[in-house]
Amino acid sequence: MFLQTMALNAINRPRESFYATGAAAVVNIVLDLALIPPIIGIEGAAIATLVTMLVNATIAYHYLSRQISVHIERGPTFHILVAAGGVMAVVILLFRLLVPPFPIFSLS
């Protein structure tokens, strides 16, 4: 996502970079308002952030591919995403096993 918006800026297309980032910011605000209250708070924010990054990457890719030839290697990219997701899952599971949950706010 950031590489594509930086590439747009580097080829003197800051307006398209701004459009992609601005649209993603609007999507993030709308999804935060829609998802954080009903879904257990932080999970809703995480989903909103993920969707926002996908929106930004898609729009930036569209603008960038209109200016230069862009080829994303699907095989290596997919393997990196799967490996990163696996490592993150292991870290989260270990954290949940080793660190007991505790209340952040106390009502007393």
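1. In this predicted model, the buried residues of helix α1 pack against helices α2 (14-35) and α3. The buried positions of α1, which spans residues 2-10, are Q4, T5 and L8. They lie on the same side of α1, because the arc they cover around the axis is only 95°. An α-helix has 3.6 residues a turn, so residues three or four places apart point the same way.

2. The face turned away from the buried side carries exposed residues, namely F2, L3, M6 and A10. After α1 comes N12, whose phi is positive, near 65°.

3. A further point concerns T52, which lies in helix α3 (residues 42-67). T52 has a relative accessible area of 10% and is therefore buried, as the limit for that class is under 20%. Leaving aside residues up to four places away in sequence, T52 touches A24, V27 and N28. With N28 there is also a polar approach: a polar atom of the T52 side chain lies 3.5 Å from the backbone nitrogen of N28.

4. The structure holds 1 aromatic pair. The pair is formed by F18 and Y19, with ring centres 6.3 Å apart and planes at 55°, so the pair is classed as tilted. As to solvent accessibility, F18 counts as exposed at 59% relative accessibility, whereas Y19, at 41%, counts as partly exposed.

Note on methods. Residues are numbered from 1 along each chain as its sequence is written. This is a predicted model: local features need pLDDT of at least 70, side-chain atom pairs count only at pLDDT 80 or more; totals for chains, interfaces and linings use all residues. Side-chain values use heavy atoms; hydrogens and water are left out. Helices (H or I, at least four residues) and strands (E, at least two) are DSSP runs, numbered from the N terminus. Buried means under 20% relative accessible area, exposed over 50%, partly exposed in between (1.4 Å probe, protein chains only). A polar contact is a pair of N or O atoms within 3.5 Å; within protein, one must be able to donate a hydrogen and the other to accept it, and residues adjacent in sequence count only if both atoms are side-chain atoms. Contact means heavy atoms within 4.5 Å. Rings of Phe, Tyr and Trp (its six-membered ring) pair if their centres lie within 6.5 Å; planes under 30 degrees apart count as stacked, over 60 as edge-to-face and the rest as tilted. The arc is that of the directions from the helix axis to the C-beta atoms.
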